[in-house]
Structure formats: C-alpha cells, structure tokens
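Let's walk through a protein model together, one piece at a time. Have the sequence and the 3D view ready, and turn the view as you read.

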Amino acid sequence: MSLLLAAVLALGIAASLSAVLTRYGQAARTTVIGALTVAGAAGGLLALRVLWGQDVPDLVRPWLIPGAVFHLGIDPLSASFLLLVLLVGCCAGLYGEGYIAASHGHVPAAPARFFFLVLVASMALLVGARNALLFMVAWETMALAAFGLVSCEHGKPEVRKAGLLYLLCTHVGSLCLLALFALLGRNAGSLEFDAFAAVPALPAAQRTAVFLLALIGFGMKAGFVPLHIWLQEAHPAAPSHASAAMSGVMIEMGLYGLLRLLALLGPISMKASMLLIALGLTTAVFGIMFAMVQRDFKRLLAYSSIENIGIILTAAGLGCYGLASASPTLALLGFSGAILHTLNHGIFKSLLFLSAGVVYQAVGSRNIEACGGLQKRMPWTCALTAIGAAAICGLPPLNGFTGEWLIYSWLLRPDAGHGIRFAALAAAVLAIVGAFAVVAFSKCYGLACLGQPRSEAARGAKDPSWLMLGPMALLATLCIGIGIFPAPALHAAIAAAGNVSHLSRPAVSASFEEWSRLLGVVGLIGAGVWVMTALLWVYRGLLLRRREVGSGPTWGCGFTAPTARMQYTGSSYAVPTARVFTALLGTREEVHPPLGYWPAKASFESRTPDPALERWLPVLTARFNDWLSLPRQLQRGRLQNYLLYVSAFLVTILLWKL
Amino acid sequence: MEQLSQLLLAFIVFLSLYLLGSSSLTGCVKIVALQGMCLGLLPLTIHEQGFHPRALALAAGMFLLKGFVIPRVLLYAIREVKIRREVEPMIGYTPSLLLGAFLIGVSFVISERLPVPAGLRSSLLIPVSLATIMMGMLMMISRIKALTQVVGYLVFENGIYLFGLSISYEIPWLIEMGVLLDVFVAVFVMGIVINHIARAFDSISTEKLTSLSD
C-alpha cells in the first residue's frame, strides 16, 4: 500500500517542483518524466500484484479533519482502474513534454505540467480511497485540476467559456455526491466505506434517492446523455495530452464510482438496471451520431467518448441485471465487459487524442477539412492513428473487439432469456453504434490522412519527435497486443468484476478459464489476420522486386484542372447517413445554390449544435433566471450593503442565541 | 477608581455618538484619537484587584498607538487625498444619532442576558462595548467615504477591545495583542486601499466600487 502512497507523493511533489522550476524548462521536464516513471513503476507493480491474487493490507492513518480517516485500500477493482490511470497518465505525460516543447510557447508550460501531475495523482488517490471524505477530497482535486487543464489557454474566449461550463457541471455533480455520502453516512453512522457495506439495506425511498444521486453525480463526470454537455466543449479546449487523460481516464472515474457503490451497497432493482441499460444505449447512439457529423476532430473524439461511455454503461447495466436476477455468471460477464471496455477505451481513446494533438500542431487547426494527404507526410502518426481508429470501431484483430465481444456474448447467451426480449434489440442497437463508429472514424481518418492536402500547412506537415511518437507507439502496441492475446486484460477485468458481483475467487477463476479459452480463439484468429497481412506484404515485395513501380496523379473525373477542394468533404461523406437522422440531429443548413447560367456565387454551410446544450438547457436556465432575479437584487456591489447584511445576520444570531 | 472607570466608559459612548454626528473628517480622526486614549487608561481602573504590572505596559502601548500613531497615519491620508468633509452620508446625521441612541438601548438589553465575568468594577463595560461595536458597524454601513469607513472600523475594533478587557485579568496578553495587531494591519491596508481607490477612480468614494459588480 505504501507503493500507492509513494506514487501519489512522487506525483504531488513533482507537481509543486515543476511549478517552482518554471524558468528552468529542462529541469522541470526531467522532474516530470522522473516522477511519472517512478509513479508508474510503483503503482503499476502494486496493481499487478493485487490483480494476480495477492492481498495487500489497508493503510489507515488518523486525519485532522473530523469524521475523516486517511484510509487507503486496494482490491482488484481499484487495481484495474489504477493500472489504467497510470498507463494513460504516463503515456500522455511523456507525450505532453514533447507537445509542450513543440508548441513553442502556445501551451503554457507551468500550468500544463502542474495540473496534469495533480490530475494523475488525484485519480490514483481516488481509486484507493476507502473513506467518503478522502474520496471527495480526491474527487474535487481531480475536478479542479481538470479545470486548470481545460482553461490552460485562457486567452481564447471559447476556452474560458468551456472552462466555466465544465466547472459548473462538475460542481453540480459534486453536490449530488456530497448529498449521497451524507445520506449513506447518516445511515451507517460513519463515513468509512466498510461501514456503508456493513449496515443493512436502506429503506426503499432512500435507496431510490441514493441511486438517482449517484447516477447524476457520477454521470455528470462520465457524461451520460443529457449530462454530457460539458464534454464536447471541454475536451477540444484542453491541450491534447490533457484531453487524452481526461477522456481516457477521468470520465471513467464516474463509472468507477458507480461500480464502487455497487460493490458496497449490493444489487439494485431490475427496473433500475433496465434504466441503466436504456440510458447506456441512448448515450451510445447519441454520442456516435453526433460524432459522425463533427468537423472538429477533437470534438468528434469527445462525442465518441460519450458513445463509449454509453457502451460501458450498457454493459454495467447488464451486469446489474444479472445481479438483480440472481445470476452471478451473467453479472460477472456484464461487469467484466464493462471494465474490459473501460480499459480498452482508455488505451485507444488516449492514443487517438494524442494523434489529434500531433495533427493539430502540424496543421494549426482542429478542422478535419484543413488536413488531407497526411499519410505521405507523417507516415508514423497516420499508421498509429489507423490502429487506434480501427480499435475504437471494435474491429476484430484489435482490443476494441474484446470488450464488445463480452457484451455481445451476454446478449446472445441462451440462458440470458428469462423473458428478456430486449436483449436482441440491445444487440441490434450496439451493432448500429458500431457501424456508425466505422462511418465516423473512416471519415476522420480518410479526410485527414488520405487524398490531397487541403491547406498549405498540411502540405508541410512532418512526423513529430520520438518523445511524442514513443508513447503513442506503446499505446498502439497495447491495442494490437490485447487484440491478439486478450488473456491478461481479461483476467484483470474479471478479477475486478468479481469484486462488484460478490463472487468467490474459485467461481471467478472458473469463469475466467471458460471465457479466456473462447477469447483466446478470437485472439488466435486475429493473430492469423496479422500474419496473413504480413505474408501478403512480403509477397507483394517479392512480386515487385526488380520491377519498376511508377505513380501517377489520381484520376481527376475528367476535370481539366482538378484542385484539392474537389475532394470529399466531411459533410459530403457523412451526408447519406446523417440525412436519415436529420430530425434527431437538428442539422442547420444554409444553402445558396448556384443560380442561372453563369452563377457568380454559391455557398453551403451546415452546423450541428449540441441539442442538450443549445436547445434543452436554455429552456431550463431561462426559468431559473426568473426565479433568481429576486435574490440577485441583494447583490448591489456596494460595500455598505454587504456590511449591513453581515451585521444584521450577526445581531440576529446573537439575539436568537441569548 | 470606580467612578473613574464609569466616567471613562460614559465618555467613550459619548465620543462614539459624537462621531456619528460629525461631518468633519479631521474632527472624526481627532475624536477617535481621544477615544483611543480613554481606552488606554481603562485597563488600569477596571478591575477590583487593581491591575497587573503587565497592564501598565499594555495601557501605555494602547495609549500611544490609538492616541497618536494611528491618527497621525489617518491625518496624513486626509492631507494626501485633500478631502475635508463627508458631505453625502447614506443616513443623515440626525437619524444616525437617533439610531445610535437606539443601539445603545439594544446593547443594554442584550448585555442584561449576558453573563458578566466576576471581578469587574463597572457593570457598564459590557453594554458599552456592545454599543461601541454596533455604532462602529453603523458608521461603516452608513458612510460613503473610504476614510470614514476606516474610522468606523477603528471604533468597531475599540468595541471589541472593550469586550476583551472584561477577561483581561485572567487572560491578559493574548486578546489585546491580537486586537492591536488587527488594528495596525487594518489601518495600513486601508491606507493602501484609499490611495489606490483615489488613483484608479479619481475619488475616495466607495460608491465608485459598484462598477466592479456584475
């Protein structure tokens, strides 16, 4: 356990050091890299030991705050998330050093380093926290560090707006969590997690309150529709390595919170699990549909995070269904699907955000339509991006498939029946989500990396330094590795899921044997695909040996003077799919078609604003503003008035108490 | 001795009332200085067992600080910003006086319910301290110039000091030193604030600060 404490301390100390060493860039960089290495090694070792069956005693220290105990503990559930935090944290942190150096002062180095390290440290602390107050302290630190990262480049007005929106959302979530823990604490008489688990179940009304509070509190962070409103604004605003950590890990802390509560409080009702599944499916469909029509590639990735969170929530809901129907195998399958997909999502989403950062730095814009033809100019980046994009679509030889395979096998199990007709429906929805993901990412990859460059900057793009490519390569290797050899990741996920579904170790390992055999076959087929590809590549090389290979211009459709602007655009690629869902998407188009025989001007513009943020929220806030206009009159900005309020309050208290 | 302490306390209340009705800034500062001197003398007379030798040092310190140093600083500030009169109070002088009288009454009502520590020569100490606190507060609330606010704050602090005096025999140093330090810091901070308001807004009226609200 001291290993976890060491990791957190190393990160915390390095954070303050890096803030002090602003003037000495090289020293700060060494500090950050050193701390990440130390923390990654220490925490990673601990997590692996726990996942492979070792028991680690808890660390309990008295704490100054009343009611709080500094209680750290680690079980497989914590360990699997800790592993993810440190893996993504280290990769993104190392990349971040290269990113800061390559930005030539555009990314303010001191806050980016400080808040990033604080973010990783607080998340590592969060997964180990066994006391509600310690948990809240870590949770708030994480939220504030992320706010610091989001508003890093606060010179831009849209960044400030995104930062404020995020801060508001995260505080709404935190308030719900405070209420939640207050409720649980009052019932248990203590704020220790163990005490929550030890007391008998709450009365029904309070259980509903706990469920809803947890759903809003953790859902705000995870981004369940319609609580996702901050996500697509905040992720593009943050520096890329920070978005990688936020999207890859931080939002998944919301799911960790839900799973931890499930592990503590036991099963929820059948209706509640159905609600979770429905919410998850809605979130997934919503996320991927809006991802499909985005032009800003970081915004596209943010929407895709919403989609993946939806898939994970669906899986968690399936697990809850298993618990509620007293079928431990189903519960285990659902939860391990959720956790495995969480791990995988952390890996490929951070990989994609890191490549988005590379492209952003090379092209100077987040608009996909400013890119093009990058494959020839930055081959490494594009190859790694292709792996990430294929993985996120859940295509078989890569890791994205393994998690979804578990979910599908839950839905398609014969014994999942019990009259659960919607399993087929859910499977169909998930399949549609997968198909849309292919559209979204083939659009993103195709427009950015293939074709002709659409801007001068894209013409001169180059691969970045190895400090940036290295971490990306590691993540891509993991994508391939888990795809071919899923057993270790599956083991971690199942061990963690065993925690949530309250299964004994032998039962867990029996299920592991069964599924790892099946998934092993999938992995073998995947390996076969890779070997086949390699063989074909070698064969191609052999065939082309001693032959001249020429390359000519692309067929220009008969135009005499083709330009780069005649290529597919993002909108035109997505339009056949998006048109079908116009009513849902609410795309606004402004079309000025060419008119007459000699058209002088024509233009086309389409925009798909987020409905929750721009249509639903204003309705709510308008009502609120009306209510709040009365108390607002109290705020006049005059010192004298405030003094009057203070003294009136004090005198009232005095008279009342005497 | 008993008569002396009663007299001093009555004088302190009277000075606070006078402050509420006075419009001249220099006059206000001089009255606060006088009040400070009275406060300096009080610890020597207030307790039945006489006074600690320590209280002598405290009295001397108070006398010097509140009677001379702080008024000097304030007079300097008045000279710097070239302001003589508070011409636009939010509550006029006569209503302020009436309110002050009302507050004295309220403080007597409150202090009847408060337990009085044993060993005090004057039963007036607690009500007077409460009245002084409230009148200082009233001054801060009803005046607009930053300088009169400082004066109000000083009166307020004097009230707190008086309150602390009631237990000064048992716990001598701690409270008084804290209060002195508070006042000292406050005057310097306010001095800086006044200069900055004058420079940034061309006036020392706190009304101008409303432009900072949303």
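Start with helix 13 of chain A, residues 328-363. Its 36 residues reach 51 Å from the first C-alpha to the last, close to the 52 Å expected at 1.5 Å a residue. (Helices, H or I runs of at least four residues, and strands, E runs of at least two, come from DSSP and are numbered from the N terminus; the expected span of a helix is 1.5 Å times one less than its number of residues.) Helix 13 of chain A is mostly covered, with 33 of its 36 residues buried. Here a residue is buried if 20 or more other C-beta atoms lie within 10 Å of its own, exposed if 12 or fewer do, and partly exposed in between, with C-beta atoms placed from the backbone. Just after this helix, A:Gly364 takes a positive phi of about 80°.

Before going further, a word on what you are looking at. This is a predicted model, in which local features need pLDDT of at least 70 and side-chain atom pairs count only at pLDDT 80 or more, while totals for chains, interfaces and linings use all residues. Residues are numbered from 1 along each chain as its sequence is written, and chains are lettered from A and ligands numbered from 1 in the order in which they are written.

How confident is the predictor in chain A? The average pLDDT, a confidence for each residue from 0 to 100, is 87 in chain A, and 98% of the residues score at least 70. Within chain A, confidence is lowest in helix 23 (residues 582-585), at a mean of 78, and highest in helix 5 (residues 132-150), at 93.

Now zoom out to the whole of chain A, which has 25 helices and 4 strands. Its C-alpha trace spans about 95 × 70 × 55 Å along the principal axes. A compact globule of 658 residues would have a radius of gyration near 26 Å, and chain A agrees, with 26 Å; this radius is taken over C-alpha atoms, and the globule rule is 2.2 Å times the number of residues to the power 0.38. Buried residues make up 50% of chain A.

Chain B has 7 helices and 0 strands, and 42% of its 214 residues count as buried. Among contacts in chain B between residues at least 6 apart in sequence, 74% join residues at least 24 apart; two residues are in contact if their C-beta atoms, placed from the backbone, lie within 7 Å.

Find helix 4 of chain B, residues 93-113. Its 21 residues should span 30 Å, and its end C-alpha atoms are 31 Å apart, which agrees. Which of its residues are buried? They are B:Ser96, B:Gly100, B:Leu103, B:Ser107 and B:Ser111. Seen down the axis of helix 4 of chain B, the buried residues fall within an arc of 65°, so they line one face of the helix; the arc is that of the directions from the helix axis to the C-beta atoms. The general rule behind such a pattern is that an α-helix has 3.6 residues a turn, so residues three or four places apart point the same way. The buried residues of helix 4 of chain B pack against helix 1 (2-20) and helix 5 (125-142) of chain B. On the other side of helix 4, exposed residues include B:Thr94, B:Phe102 and B:Arg113.

Finally, look at some backbone details in chain A. Most residues other than glycine have a negative phi, and most peptide bonds are trans. The peptide bond from A:Val225 to A:Pro226, however, is cis, with omega near 5°, and A:Pro226 lies in the loop between helix 8 (204-222) and helix 9 (231-237) of chain A. A:Ala326 has a positive phi, near 55°, and is found in the loop between helix 12 (297-324) and helix 13 of chain A. With 9 C-beta neighbours inside 10 Å, A:Ala326 counts as exposed. A:Arg546 also has a positive phi, near 60°, and lies in the loop between helix 21 (505-544) and helix 22 (570-580) of chain A. A:Arg546 counts as exposed too, with 6 C-beta neighbours inside 10 Å.
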